[in-house]
Amino acid sequence: MSYLIPAEFVTKMVDAGESKVFMSTRDTLIRAYMAGAILALAAVFAVSITVQTGSPIFGAILFPVGFCMLYLLGFDLLTGVFVLSPLAWLDKRPGVTLGGILRNWGLVFVGNFLGALTVAVMMSVVFTYGFSVSPDAVGQKLAGIGEARTLGYAKYGLAGWMTIFIRGMLCNWMVSTGVVGAMISTSVSGKVIAMWMPIMLFFGMTFEHSVVNMFLFPSGLIMGGNFSIADYFIWNEIPTVLGNLVGGLAFTGLTLYSTHVRTAPKRAVH
């Protein structure tokens, strides 16, 4: 399986973060657009399987196929660059600035959103035969998800907002572990296995992923969900993005970097 030891793959994480900060605007947007679109298709796939089988676990088991595809193709998710780009700054790579990191995050957010929105519109056409009939069972399921994960949180006020934030943290702890998984092995099979496990966990636990939600909620609105665009951003996307940032950086990026690159001095034996 060509396993790389942690010191090797964490160095690759820092190198990847540096390359993303300096990537051209065109390439950053294209890679982010395609990542958002492929992940959105995987979300449709998982929801469709859940509707067909009546069991969410089957959707969770198969959802990682999209994540694996997009990372094998070298595309970028917001949840991934949240973790990788800051490591290059912490490592004091020449020319890497906080402004460059924020630029990268902003471009990837826009690209991911446009890609996910494109698939939301396309799948809405599929679910309604070009908006000529009512949404099918999958379309109705998407509308219900949108309501439950906006208004369902809103009724709890600040406690609901904090719940989304925590679920966003837990999500990107696992998703960023999947991003790292793509670097753990040099073989396709090794990468896929390492990516699959944490992504299946996050989806099965219904944690909040900012890019998946860029598909689920616009799609839910198009399918007639009883919530607003403001509800989507205030009661889901904003706290999810913030939770994804904190969780991925705190639990994955900083922990791996601090113990495998900036290791503490060895304990003296007396």
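Asp91 is partly exposed, with a relative accessible area of 22%; here buried means under 20% relative accessible area, exposed over 50% and partly exposed in between, with a 1.4 Å probe and protein chains only. This Asp91 forms a salt bridge with Arg93, their closest N and O atoms lying 2.9 Å apart; a salt bridge is a side-chain nitrogen of Lys or Arg within 4 Å of a carboxyl oxygen of Asp or Glu. The model is predicted, so local features need pLDDT of at least 70 and side-chain atom pairs count only at pLDDT 80 or more, while totals for chains, interfaces and linings use all residues. Residues are numbered from 1 along each chain as its sequence is written, and side-chain values use heavy atoms, leaving out hydrogens and water.

**Salt bridges**
- Asp91 and Arg93 belong to a network of salt bridges that also links Asp15 and Glu18.
- Glu18 and Arg93 meet through their side chains at 2.6 Å, N to O.
- That pair links distant parts of the chain, 75 residues apart: Glu18 sits in helix H1 (residues 6–22), and Arg93 in the loop between helix H5 (78–90) and helix H6 (98–128). Helices are DSSP runs (H or I, at least four residues) and strands are runs of E (at least two), numbered from the N terminus.
- Glu18 is partly exposed at 21% relative accessible area, whereas Arg93 is buried at 17%.
- Elsewhere, Arg149 forms a salt bridge with Glu208, the closest N and O atoms being 3.0 Å apart.
- Arg149 is buried, with a relative accessible area of 17%, and Glu208 is buried at 0%.

- Beyond its neighbours within four places in sequence, Phe202 is in contact (heavy atoms within 4.5 Å) with residues including Phe63, Cys171 and His209.

**Overall fold**
- The protein has 12 helices and zero strands.
- Its radius of gyration, 19 Å, is close to the 18 Å that the globule rule gives for 270 residues, so the protein is as compact as a globular protein of that length. The radius is taken over C-alpha atoms, and the rule is 2.2 Å times the number of residues to the power 0.38.
- Buried residues make up 51% of the 270 residues.
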